[in-house]
Amino acid sequence: MSIENKSFSELLKASMKSDDTEEWLDIYFTRPVGLAFALLWYRLGVTPNTITILSIFLGVGAGPMFYFQNVWYNIIGIVLLVLANLCDSTDGQLARLTNQRSMKGRCLDGFAGDTWFVSIYLGIVLRIWNQPMPGIDVKWGLFGLALAAIAGIVCHSQQSSLADYYRQIHLYFLKGKAGSELDSYAAEHAIVESLKGKKGVFWDKAFHSNYQHYCKNQEKRTPEFQKLRQELNERYANVEDIPDEWKAKFLQGSRPLMPLTNFLSFNSRAILIYITVLANCPWVYLFIEIVLYTIIYMYMHKRHEDHCKAMRALLNN
């Protein structure tokens, strides 16, 4: 689309994924500010992937600031993480407005978020390492490291990847293939196989190889949706051929889960980090992530699988 001939409100609407999948903080703060930066970067000729790389440096820089118990260092960390998130919003908005979306950009975007939180978790672990656990004289030490590993690897990464998958499924039936980034292990694996033996494709192969495993992990945890997807693929040539009534019914059941996918994404985690770090109890964030976020994740997962099962039965009636 032509950016120059559109108003700010028109560009803002076009730069969002959908009303269903955007949360209030993004609608009223992150997206408008992100669009302002996107327009600036556009005029300067900066690409979305360059902005993503900038977000990596900003987000990683936040982690060490959370190591200190000094509130001013913590505030610097908060500012850095806010800026990193704005860059993360900006790169996607700019990519959508200028039609520069790509699988590499999507993978780089996911990698950026992972690096932020690795840095943040390490900052928290080192901060509480020599602090006593609440109510006892035993220091956190390795237990704090184990707690962060469970929160980050077992909980956070699985929760956020499935939340992203459910949003892409929703967008797939709402906007079609062009408006979604719903990929598959089979398609990515085929690309990896096609690149074998070719010269000068190291990075392409590395991106697709990593992304195929990401897709496989999502598909392994969603058996009912995979059955539904297979039946739809067998019946219809593309998503546009699926009856609108059926898609509307699917979206009706999927829409209430979108706030849960948003909760399991960045904003709520960031706010909890800000609060617990400033209150000098960052270990609370790790426990909340392990307990509360896991409960929400399990509920969301069951609801979505049950919905897909019901929609498959409706398809066969």
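How many positive and negative side chains does the chain have, and how far apart do the centres of the two sets lie? I counted 32 positive and 29 negative side chains, with the two centres 3 Å apart; Lys and Arg count as positive and Asp and Glu as negative, while His and the chain ends are not counted, and each charge is placed at NZ of Lys, CZ of Arg, CG of Asp or CD of Glu.

I note that this is a predicted model, in which local features need pLDDT of at least 70 and side-chain atom pairs count only at pLDDT 80 or more, whereas totals for chains, interfaces and linings use all residues. Residues are numbered from 1 along each chain as its sequence is written, and side-chain values use heavy atoms, with hydrogens and water left out.

I then looked up the secondary structure and found 13 helices and zero strands, taken as DSSP runs (H or I of at least four residues for helices, E of at least two for strands) numbered from the N terminus. The radius of gyration is 21 Å, close to the 20 Å that the globule rule gives for 317 residues, so the chain is as compact as a globular protein of that length; the radius is taken over C-alpha atoms, and the rule is 2.2 Å times the number of residues to the power 0.38.

For burial, I found that 48% of the 317 residues count as buried, meaning under 20% relative accessible area with a 1.4 Å probe and protein chains only.

Finally, I checked the UniProt record, an unreviewed entry, which lists residues 40–60, 66–86, 107–128 and 140–157 as "transmembrane region", although such annotations may be inferred rather than shown by experiment. Residues 107–128 are 100% helix, with end C-alpha atoms 32 Å apart, and residues 140–157 are 94% helix, with 23 Å between the end C-alpha atoms.

How values were computed. Buried means under 20% relative accessible area, exposed over 50%, partly exposed in between (1.4 Å probe, protein chains only).
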